[in-house]
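I opened this notebook to record what I looked up in one structure.

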Amino acid sequence: MRYPDGGGLTAVERARREQVRLAAADLIEAGASDREVARRFTVTRMSANRWRRALALGGRQALASSGPGGARCKLDPGQLRVLETVLDAGPVASGWSDQCWTLVRIAEIVLRRFGVEYTLAGLDLLLHRIGWSVQVPSRKATERDEAKIAAWKDEQWPLIKRKAADLGAWLCFEDEAGQGLRPPKGRTWGRRGHTPVVRVSAAGTKRVSMAALICTKAGRRSRLIYRIHLDRGPAKGRRKGFTETDYAHLLDAAHQQLGGAIVLVWDNLNTHVSRAMHELIAARLWLTVYQLPPYAPELNPVEGVWSHLKRSLANLTKHSLEQLTALVKTRLKRMQYHSRLLQGLIAKTGLDLQL
């Protein structure tokens with residue numbers, strides 16, 4: 001459904017379109033051809049010809065807006081606003097135990113509150129008309145403290161930017177992720193009634209662990225620096241992920257590649273805040289570290305790297321850890337050369353880099 005209001009244009013848009021038609025009428029009356037009218041108003045010659053015929057048959061009144069099309073809505077504008085408020089509050093607020101709005105539930109809300117019955121097809125049309133659509137929700141931790149996150153953005157983030165500017169340092173965000181041999185699912189074409197099958201390895205304990213930095217500095221190209229760790233499955237002395245020493249080596253490599261001081265922003269992973277990590281940080285005078293607020297992954301642009309990477313690994317047919325590792329490195333290396341992608345991931349966080 002293209003338009004949110006009554007299945008057509010809004011009142012403002014209808015008025016604007018009417019003014020376009022009336023302006024076209026001036027050109028037509030001045031002797032302009034259909035081609036000239038179409039070029040002037042960026043419409044098809046068919047539309048220009050239709051306006052010409054309407055003007056000839058009914059005059060300018062024939063070009064006036066006839067109002068919204070379609071059947072009259074059973075709910076008035078006030079009731080629609082109330083309905084949207086109820087839907088925004090979520091199903092739990094209306095007594096259901098989950099956060100899934102269905103047409104049956106919304107129809108029950110409409111009947112209960114306004115005494116109006118809708119078929120499911122009619123309700124589907126109504127929801128599209130008022131700007132609603134079926135979506136897969138994103139997730140946020142219930143432990144999030146929105147006030148703390150807002151305070152971090154308002155108070156801590158300006159201090160971090162100022163610190164990086166005063167030191168002439170690179171501002172770096174760090175995060176880590178993992179990918180096993182069972183790939184994410186992705187949409188693909190298949191024969192109707194026959195769900196496509198992707199053959200995957202049953203060795204679910206092997207995985208590639210990844211840690212990456214997105215580094216930015218005024219006047220310099222954004223950089224992506226990463227390291228890989230392979231977890232080959234159950235073994236004596238097995239190390240599943242990155243240790244404090246591994247993070248220190250990653251930061252040392254970044255310091256060498258960037259050629260300057262680093263102001264690091266990362267989350268509250270236990271390895272990041274351990275005593276051993278604090279000692280390693282204190283030994284590096286070129287490194288200043290700040291923590292992100294808890295449960296706020298949307299503030300870390302490296303999360304976007306993992307999302308971009310895992311979408312590219314959908315329905316993967318690699319069956320060995322070596323094959324997966326090679327592909328992960330190829331995809332990450334490709335991203336290293338796309339500085340505009342990295343800038344976009346930083347912009348997506350909503351954090352303003354300007355002082």
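The entries below concern a predicted model.

**Entry 1: a pair of helices**

I asked at what angle helix α5 and helix α6 pack. Helix α5 covers residues 103-114 and helix α6 covers residues 120-129. I found an angle of about 85 degrees between them, with the axes 10 Å apart. The two helices are therefore roughly perpendicular to each other, since angles of 65 to 115 degrees are placed in that class. I then listed the residues that make the contact. From α5 they are L103, V104, I106, A107 and V110; from α6 they are L120, L123, D124 and L127. Sorted by class, the contact holds eight nonpolar residues and one charged residue, with no polar ones.

**Entry 2: positive phi values**

I next looked up backbone angles. T42 is not a glycine, yet its phi is positive, near 55 degrees. I located T42 in the loop that runs between α2 (34-41) and α3 (45-58). With a relative accessible area of 72%, T42 is exposed, because the class begins over 50%.

N315, also not a glycine, has a positive phi of about 60 degrees. Its place is the loop between α10 (302-312) and α11 (321-336). Is N315 buried, exposed or partly exposed? I noted a relative accessible area of 22%, so N315 is partly exposed.

**Entry 3: an arginine in a loop**

I turned to R144, which sits in the loop between α6 and α7 (146-167). Its relative accessibility is 12%, and R144 therefore counts as buried, the limit being under 20%. The R144 side chain forms a polar contact with the side chain of E146, at 2.9 Å. Setting aside residues up to four places away in sequence, I found that R144 touches I149, Y295, A296, P297 and E298.

**Entry 4: nonpolar cores**

How many residues does the largest nonpolar core have? I recorded 38, and V305, W306 and L332 have the most contacts inside this core. Elements giving two or more residues to the core include the helices α7, α10, α11 and α12 (339-348). The most comes from α11, which gives six residues.

I then examined V305 by itself. Apart from neighbours within four places in sequence, V305 is in contact with I214, L224, L332, M335 and L345. Finally, I noted a second, separate core of 19 residues, among them C172, C215, L251 and L264.

Definitions and conventions
Residues numbered from 1 in each chain as written. Predicted model: local features only at pLDDT ≥ 70, side-chain atom pairs only at ≥ 80, totals over all residues. Heavy atoms only, no water. Axes fitted to C-alpha atoms, helices over the stretch in contact; angles between N-to-C directions. Helix = DSSP H or I, 4+ residues; strand = E, 2+ residues; numbered from the N terminus. Parallel < 35°, antiparallel > 145°, perpendicular 65-115°, else oblique. Contact = heavy atoms within 4.5 Å. Nonpolar A, V, L, I, M, F, W, Y, C, P; charged D, E, K, R; others polar. Buried < 20%, exposed > 50% of the residue type's maximum accessible area, 1.4 Å probe, protein only. Polar contact = N/O pair within 3.5 Å; in protein donor to acceptor, adjacent residues only side chain to side chain. Core = buried A, V, L, I, M, F, W, Y, C linked by side-chain atoms within 4.5 Å.
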